[in-house]
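Below is a short report on a multi-chain model. It takes up a sheet, a helix and a chain contact in turn.

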Protein chains: 4
Amino acid sequence: MGLKTRADYLKSLKGMRPNIYKFGELIEDVTAHAATRRTVESHARGFDASHDPKYAQDFSTVSSFTGEKIHRWNSMMETLEDIMGNSKLKRWMYRFTGSCNGGLCVGWNAQNVMWNVTALIDKECGTHYQERLKKWILGAQEKGLVVAGALTDAKGDRSLRPSQQADPDSNVHVKEVRKDGIVISGTKAMICGVAASNEIFILPGSGYRDEDKDYAVVVVVPRDIEGLTIVETRRPSDTREMEDGFDIPEMGITQAFLFFQDCFVPNERVFMCQEAKFAGKVIEYFTANYRACIGACVAGQGDVMIGAGALMARTNGLAAATFSAKMVEMAVNNETTYCMGIGAMALGKKGPGGMWVADSLTAHTNKVHVATLPYETKRLCQDIGGGVVETGCFPSSKDFNDPKYGHLVRKALQASAKFSAETRARAARLSEWLTLGAGVPGCMHGGGSPDGAKLVVRAFTPVNEFADYARKIAGITEEVPEPEKKK
Amino acid sequence: MGLKTRADYLKSLKGMRPNIYKFGELIEDVTAHAATRRTVESHARGFDASHDPKYAQDFSTVSSFTGEKIHRWNSMMETLEDIMGNSKLKRWMYRFTGSCNGGLCVGWNAQNVMWNVTALIDKECGTHYQERLKKWILGAQEKGLVVAGALTDAKGDRSLRPSQQADPDSNVHVKEVRKDGIVISGTKAMICGVAASNEIFILPGSGYRDEDKDYAVVVVVPRDIEGLTIVETRRPSDTREMEDGFDIPEMGITQAFLFFQDCFVPNERVFMCQEAKFAGKVIEYFTANYRACIGACVAGQGDVMIGAGALMARTNGLAAATFSAKMVEMAVNNETTYCMGIGAMALGKKGPGGMWVADSLTAHTNKVHVATLPYETKRLCQDIGGGVVETGCFPSSKDFNDPKYGHLVRKALQASAKFSAETRARAARLSEWLTLGAGVPGCMHGGGSPDGAKLVVRAFTPVNEFADYARKIAGITEEVPEPEKKK
Amino acid sequence: MGLKTRADYLKSLKGMRPNIYKFGELIEDVTAHAATRRTVESHARGFDASHDPKYAQDFSTVSSFTGEKIHRWNSMMETLEDIMGNSKLKRWMYRFTGSCNGGLCVGWNAQNVMWNVTALIDKECGTHYQERLKKWILGAQEKGLVVAGALTDAKGDRSLRPSQQADPDSNVHVKEVRKDGIVISGTKAMICGVAASNEIFILPGSGYRDEDKDYAVVVVVPRDIEGLTIVETRRPSDTREMEDGFDIPEMGITQAFLFFQDCFVPNERVFMCQEAKFAGKVIEYFTANYRACIGACVAGQGDVMIGAGALMARTNGLAAATFSAKMVEMAVNNETTYCMGIGAMALGKKGPGGMWVADSLTAHTNKVHVATLPYETKRLCQDIGGGVVETGCFPSSKDFNDPKYGHLVRKALQASAKFSAETRARAARLSEWLTLGAGVPGCMHGGGSPDGAKLVVRAFTPVNEFADYARKIAGITEEVPEPEKKK
Amino acid sequence: MGLKTRADYLKSLKGMRPNIYKFGELIEDVTAHAATRRTVESHARGFDASHDPKYAQDFSTVSSFTGEKIHRWNSMMETLEDIMGNSKLKRWMYRFTGSCNGGLCVGWNAQNVMWNVTALIDKECGTHYQERLKKWILGAQEKGLVVAGALTDAKGDRSLRPSQQADPDSNVHVKEVRKDGIVISGTKAMICGVAASNEIFILPGSGYRDEDKDYAVVVVVPRDIEGLTIVETRRPSDTREMEDGFDIPEMGITQAFLFFQDCFVPNERVFMCQEAKFAGKVIEYFTANYRACIGACVAGQGDVMIGAGALMARTNGLAAATFSAKMVEMAVNNETTYCMGIGAMALGKKGPGGMWVADSLTAHTNKVHVATLPYETKRLCQDIGGGVVETGCFPSSKDFNDPKYGHLVRKALQASAKFSAETRARAARLSEWLTLGAGVPGCMHGGGSPDGAKLVVRAFTPVNEFADYARKIAGITEEVPEPEKKK
């Protein structure tokens, strides 16, 4: 049965080889260590929801292969409704946890995208990647795996291609092709949710030309594969996670650097190997779906920011309704990224392997909003909350409970007599965490930068065709072509 | 056969009783008079497109009642795909004509919305409105009618309800109920496309309480019904339509005031009569669909503005690519309103009568964008075009061709030697027309004001629920309700 | 005595040779012809104000040369207070007339800028331009002249320099240098207020290199100089000016194309002739001051838009206070452009001739706002006013007063019983005129385009210096220079 | 001699009684403790600059009382130039330190504002506050004091006035008036720069009515006055200050809660005591100046963000010029708040005591920008910097230098071969610190919230007057007053 419980999930993580570090320390148990247990808790709530009658419909489905009940994040997305389910799940997850749960969604998208791409490769190259992939997916559904996805490479010098880099490990690449598998090396950077995941789905970080074909590699590996060293990154205010007290919520996000050093990956886990011309297809399908869906993430976090604003207003002694106009602005931002994503899906169609692919032009347009509107929503959350929210500007929970002067701090932090000082402090810390603390996810560059998205918008905007409509309406009879480039 | 030609259409208009005035003059033939022939031409292009292999798929469909081929704007919208077809057609129409073709879309939406609402009324009140409606729709499909829709009343004092107005005719209302029909009086204001339409679909302008039940009336009337006087409104630069020369395009828009004075409407054309509680449902369904679809209108006009910008750049001697960043901004605006509308549709569902209803929250969110983004797109179009575009700041076509000094004007207006002065002048006039001339449609208040849309956004944003998500993430254990209102 | 009256002013205009055309017609008397009398009326109000005790302080001053009372717009601006007076006068003028009064301000700025530049030329070239200029200014102060300024040339192909144009007349230039004066030819385009002016101050349209030295020319000529043909441009809805009725206000703006054909200018009116390297200085000083001051213009028009919004609210039956939040947004826009302009002045300093020059960086930054914020203010004005404002969407004043159906129109247009239908209609027409009618001035490209302004902002932003501050704060010890350009 | 050195300053701080706490710990020496030494270092750089020939002009001046050379932040601001000097100094300080140096500027403004207010009180009440104030200022100039200012009270329930609060200590108040002085109690919250200051200038947090007169109190107290307990607040990522390594800069900001418990203040340090009607004047003058000047702070930080963006571009292997358009946007934001502040000053005038008071309307308009534009500038800084900047998403400096895997981290973080990995990491940490770390100052609510500023804009916008201009331009002859309120 594919629908696992929180307990199954935690057990599966505990059984893995420790290979994650932070602050110079090896994390023995990701479910218990302060640096990783929050992201594990976030993902665990996704398991809880799949068993909760209120949410089960959005968090589970049946396998299109076996007809068995599985977690939704292990499913194939063949229809518009299927892929809309991706957005819905992501918005819920943000509402439950306040931040990003990367292990839920990049791997999910990756397996669907690769279904389409393997169809293309197999057809053109006579390979059998899709069959391999199917086997892996069946296993993932059966085991209820949480799978992080990893695209972004460390990259090195931005003005050079991968094969031109001084350090070949700037990007993950095929180092050796053996009969039974391949050896990979290189660095993936800023990968979300790895600490909460069972496996990692590796995709190329860009389209590649033939001279960079070693960088065109797609594999899935266990998170604790031999040769992989994982170092968790800092996050704003991340050392609060090491403290006691209420200065940080119990859920959270992680982002890691993955150092692959001569990792052997058996063939059954390899879904692309040096087929350079298809790397671009992976990126095209992946970003179309991902940038459509990511609108739901920032919408869900925006929902929580509206809620945090309401809590601040009330604990300040005011009605949330006082800030209706600002909350409407926040809601407009949230619904825009969510609904544009849905629109991009509805404008999409089935890909070559039968899995749904969102429309590129509008999905990338959505990314432009995802990279800007949440900043406004955060600003509004800080605007509503007042000075103690803006920079979390009040004493720590340690000072709050200090035996000598804690009573002064508590007295000063209480505003409305109806709510305890701690309630107000917790609401303010939540707002800080959401707007400039460890809960801030990477909506600007996550899933690719807005400048990249604009290049796609530009490429898909048929200026000549539009000029022709204009010309006809204006009654212009001569042709008005673009001038030839001067040499 | 329902799929009529341009010739059929023009003939149908010519045969009508003249009852439209502008500048104190009765317009004998709307297809020929300078004040109305442009909007007729715009609509005629919609007939042309239905026979053009390139566009026939988007401009025609088959009747769900008879299976016969009909114009798409006479069709029922039962599925997501059907209603997406509405958006597509509207974007095309704007690309072909540069401005609003009201007779294409309000009536189309109205017949679908009323299908859902008559299902509700019939069920609760035991009436047979839907049967009547079906009969009328079959006729409209058969005859290929262009049907304008009319919601907005003259309203009178904005602080009073209809029945409180000094003048009962401030809003269209039932004056008398007879056995064979009803008598209506009152004023509908700012109604698009009437001059190009065969019939007018009257809907209530608002939800009503029982004391205003006479205002809850839905009928379809011939445009030339006895007792109806139509006065066309001015538009910016509308007297150019009376001139010769190239200072205004050959297509255009009209908006009219409709004065109903004791008009008798037979029962078979009455689809709501005093059922006050359902007026709100009409508004709810109508605005949800309309505000989802209207994103396509402004997108289509935005496409033409990108094109106009390209023409200006090139006739100025520059490549359109010089302004890529601005064009991407314009495209982002266009795709946003278009795609959010599609998203609102995809988030919608079948209504009580089986016709699709878009999601209210996101449709109204889209209206907020429709009321703001096109202003930015216009600004960018003026930015690209330069000074002659900004206010159409160059001599008239009469001066352009003046025997004494016309050669000076023409010489001064030519920029790139590759294009004639007239081509540049036409491109500049088009830009003026689109951004502050007679081609500017009412995206701010058309289909209802953004403030009204924000009220809907506010109503549909579950602040308490969001506060609860926030509360749980913050680890707050006490309840944090909204304060009770002070008395 | 320099302080003339409205009567003096009108008389001075009536006495001039007719050389202005519009719609193929020679305008015999600019003070009476429908196409020009509105801008004359606008300027006449500036004379009225100089005699009105309430405004005399802002509209008059004493000549720094003679100590005599003069109109402020003929004065020299030596101090911060002097130049702030320029902004104040312009804001008043917009409040009085609702639109641009170009004859008031470009010439005024020009004489001050040229004072500084002639100091430079005289010093370097041994010329005596400043002495000539002084003589001319004394005369202008004595006669109380209204002087339009003209910079923008027709330009021709935007990718070529003046001397490379197919038509040398694309830009105004020195055609012949004689002993007693010079002969100029060429076209100045989109020049404001010419019809209301006594003289025209010609400045170069750009900085020039030596091969374009013939285009480096500064002269002042009578508006009716021999060889000058003036053609007025169209403006949105400009034919309303030819109508009777209330569809357009009694004040207004004009913009003209000036065709100079072999005009002889005597030496005493020549202040630069072929000194190419100083043309850039003219532009630098002119734009710094002009872009600082223009913030006051759009602020003044914005003030009137707030007022128009208030009128619409009230005649709709609502309090203006209903729209406070929107009016605050409008006020923020208005005060921003006004106050940034003042700030740019305060950051400026005396130029080489002793006249004040505003700070370039901040003046050009202000131009970026001037090119964007008024568009938002207009949108808000339309938002407040409702549908009849948005496109002026209601019957013409002719229809309003039609004997047959005018009573219906009047009834429909009345909203609040407290105000007449005509009052509401006039308020709506004013809003239309301000936001997309003949009252819209060219804030985008007027005084130069925002893209040009951004080039200045870029040039004056010391990125390397800022990188060095950042480097020190970050504790980086190695140098981090810009990479060398690849060849 | 008033111009002290860094050494004098540090010595003066070391000699004070320890009364500042953070994380439950008493800070014995603010110049050495990790939680406070960064803000002390920031202020110390202000002393350095006063002796640096390059900056001495902006950082020092002569006392208007004694003619002796003093630090500029101890000076009186009588002229426009004087107060512009305030803005200049603040922009420099941000460029040197990257963050807020509260002890430099609130106290400075306070002494000037109180000079004006004491003139009013003394005149009306026959008191001699100004004389006392002068004595204190002379001492401050002589000793070169750093003086923090404190306005914001803890406030308690936002829907109640001070005297209605359950806890009278929610706001600082006069508890007892004695012959030789007064006793004060209560809490000031979120006070900047206290740890780096010698004294604290207490102002009322709001205007007050007579029943709240005990809250109308102005005093200056030594930072270590008996009865004062200070608790420093958390800041985002503030525990990094306790770490070794390069994850945080060497300068910084602090914000504190001040708990006054029965503090006796001798009369010579009391400048307002229960004169309730003048508390509003303090707020009016203070906010006018403060909100004019604060534009320079965010501009200075924005300069550093441009610089940080340039460092990121270059260490990524790109030219800073690649991001010119974004840097121009940032510069426009910076110059806007800076220059609008200068404009508000230029529109101001001398107050009743002779010290300059900026114009309220435009100063408060500037606050609206100060509360929004820096958020955009931060977004752009993150946009330029890429993923590692957005959330500081890379391993800690501890991991960077880890003996086991540090070499992998360093290799991965190096992009351009020209710059060390540490240089790139430091630039990224700087960007994080500026945009969502401990360097983020409170531009939203600091110096009062933007909603409060909008109330002032609203109050100072003469809507009726504007409606009258509009009415005259529209040719409306009837009066159009605001409707009377319904009772």
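Two strands pair if DSSP finds at least two bridges between them. Helices (H or I, at least four residues) and strands (E, at least two) are DSSP runs, numbered from the N terminus. This is a predicted model: local features need pLDDT of at least 70, side-chain atom pairs count only at pLDDT 80 or more, and totals for chains, interfaces and linings use all residues. Residues are numbered from 1 along each chain as its sequence is written, while chains are lettered from A and ligands numbered from 1 in the order in which they are written.

**Sheet in chain C**

Strand S9 (residues 217-222) of chain C pairs with S12(C) over three bridges, in the antiparallel sense. C:Val217 stands opposite C:Cys273 of S12(C). The open sheet of chain C has four strands in the order S5-S8-S9-S12, with mixed pairing. Axes are lines fitted to C-alpha atoms, for helices over the stretch in contact, and angles run from 0 to 180 degrees between N-to-C directions. Helix H5 (residues 102-125) of chain C packs on the sheet and touches S5, S8 (199-202), S9 and S12 of chain C. Contact requires C-beta atoms, placed from the backbone, within 7 Å. The direction of H5(C) makes about 65 degrees with that of S5(C).

**Helix H6 of chain B**

Helix H6 (residues 129-143) of chain B has 15 residues and reaches 21 Å from first to last C-alpha, close to the 21 Å expected at 1.5 Å a residue. The expected span is 1.5 Å times one less than the number of residues. A residue is buried if 20 or more other C-beta atoms lie within 10 Å of its own, exposed if 12 or fewer, and partly exposed in between; C-beta atoms are placed from the backbone.

| Class in H6(B) | Residues |
|---|---|
| Buried | B:Tyr129, B:Gln130, B:Leu133, B:Trp136, B:Ile137, B:Ala140, B:Gln141 |
| Exposed, on the face turned away from the buried side | B:Glu131, B:Lys135 |

After H6(B) comes B:Gly144, with a positive phi near 60 degrees.

**Chains A and B**

Here, 64 residues of chain A are in contact with 64 residues of chain B. H8(A) gives the most to the side of chain A that touches chain B, with 14 residues.

Note on methods
Contact = placed C-beta atoms within 7 Å.
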